[in-house]
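Take a walk through this protein model, one residue at a time. Keep the sequence and the structure side by side as you read.

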Amino acid sequence: MGKGAHGGGFAGSSHSHSAEAPEDTWNLYQHIESVVGLNATAPGDAAAIFKPHAKRLDAEPKLTSDGDEELMVKVAFSSPVHIRRIMVIGGGEVDEHPSHLKVYVGREEIDFSSAEDVSPTQEFDLEQNLTGEGFLATRQAPFTNVTHVTFFFSANLGGAEETTVQYIGMQGEHTHDRREAVHATYEVMCQHADHAAVPGEAGAAMDP
């Protein structure tokens, strides 16, 4: 798929409750609403690289770039999250493992044509992570209350024609309970204000 296209994606939640694929309370893949892969040979596989931590070393599924080394993965969450650490594990041959990552927070519109003109929220040089033990620490303030995040892999370790990623993990906290509570309180306040603003209605304040 060309870089100008939107790519394929995923909507909804597909996390497992089985002992074979346990849920990690810190693993934010459980709170993903949609994933879009750009410049991927199989864009529909983009969501599958967000998986339980216990399966991070599984070689499949994986996501591979199409035609050159650049690969972009755009994530929307079902509610705001705090991303505290990120893990990336490359796939395929070692030369295909990503070597550089730019992360953009809150840039829903970003694509390859605009990425070079926008400063990333944070960027990282990547090494092989064959044991799945290496994390990338994020800066706290920019990665708090995140609703959209984009991962842009701009290069790979060996200058290969393709970049392959088999796992992206995000460690942090979700806030959906808090957001729902605030929303409910706001609704009650608005309803009360609307009711009190009607002059002449029973219980409404009247000018003397």
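Glu-60 is exposed, because its relative accessible area is 53%. The cut-offs are simple: buried means under 20% relative accessible area, exposed over 50%, and partly exposed in between, with a 1.4 Å probe and protein chains only. Glu-60 forms a salt bridge with Lys-62, and the closest N and O atoms are 3.8 Å apart. Here a salt bridge is a side-chain nitrogen of Lys or Arg within 4 Å of a carboxyl oxygen of Asp or Glu. Lys-62 counts as partly exposed, because its relative accessibility is 28%.

A word on the source. This is a predicted model, in which local features need pLDDT of at least 70, side-chain atom pairs count only at pLDDT 80 or more, and totals for chains, interfaces and linings use all residues. Residues are numbered from 1 along each chain as its sequence is written, and side-chain values use heavy atoms, with hydrogens and water left out.

Stay with Glu-60. Its peptide bond to Pro-61 is cis, with omega near -5 degrees. Pro-61 lies in the loop between strand 2 (32-38) and strand 3 (63-64). Helices (H or I, at least four residues) and strands (E, at least two) are DSSP runs, numbered from the N terminus.

Asn-39 also sits in the loop between strand 2 and strand 3. Its phi is near 60 degrees, a positive value in a residue other than glycine. Is Asn-39 buried or exposed? Asn-39 counts as buried, because its relative accessibility is 3%. Now look at Asn-145, in the loop between strand 7 (136-137) and strand 8 (146-156). Its phi is positive too, near 55 degrees. Asn-145 is partly exposed, because its relative accessible area is 48%.

Back to salt bridges. The count comes to six. One of them joins the side chains of Lys-102 and Glu-116, at 3.5 Å from N to O. This pair links distant parts of the chain: Lys-102 is in strand 5, and Glu-116 is in the loop between helix 1 (112-115) and strand 6 (122-125), 14 residues apart. Lys-102 is buried, because its relative accessible area is 14%. Another salt bridge pairs Arg-107 with Glu-109, at 3.8 Å from N to O.

Strand 5 (residues 98-105) also holds His-100. His-100 counts as buried, because its relative accessibility is 17%. Which side chain joins that of His-100 in a polar contact of 2.9 Å? It is Asp-125. A polar contact is a pair of N or O atoms within 3.5 Å; within protein, one must be able to donate a hydrogen and the other to accept it, and residues adjacent in sequence count only if both atoms are side-chain atoms. The backbone oxygen of Phe-124 lies 3.3 Å from a polar atom of the His-100 side chain. The C-alpha atoms of His-100 and Ser-154 are separated by 5.9 Å, though these residues are 54 residues apart along the chain.

Now for the nonpolar side. In soluble globular proteins, nonpolar side chains tend to be buried together. A nonpolar core is a set of buried Ala, Val, Leu, Ile, Met, Phe, Trp, Tyr and Cys residues joined through side-chain atoms within 4.5 Å. The largest core has 31 residues, of which Phe-50, Phe-77, Ile-83 and Phe-151 touch the most other members. Its largest share, eight residues, comes from strand 4. Apart from this core lies another, of eight residues, among them Ile-110, Ala-115, Val-118 and Phe-152.
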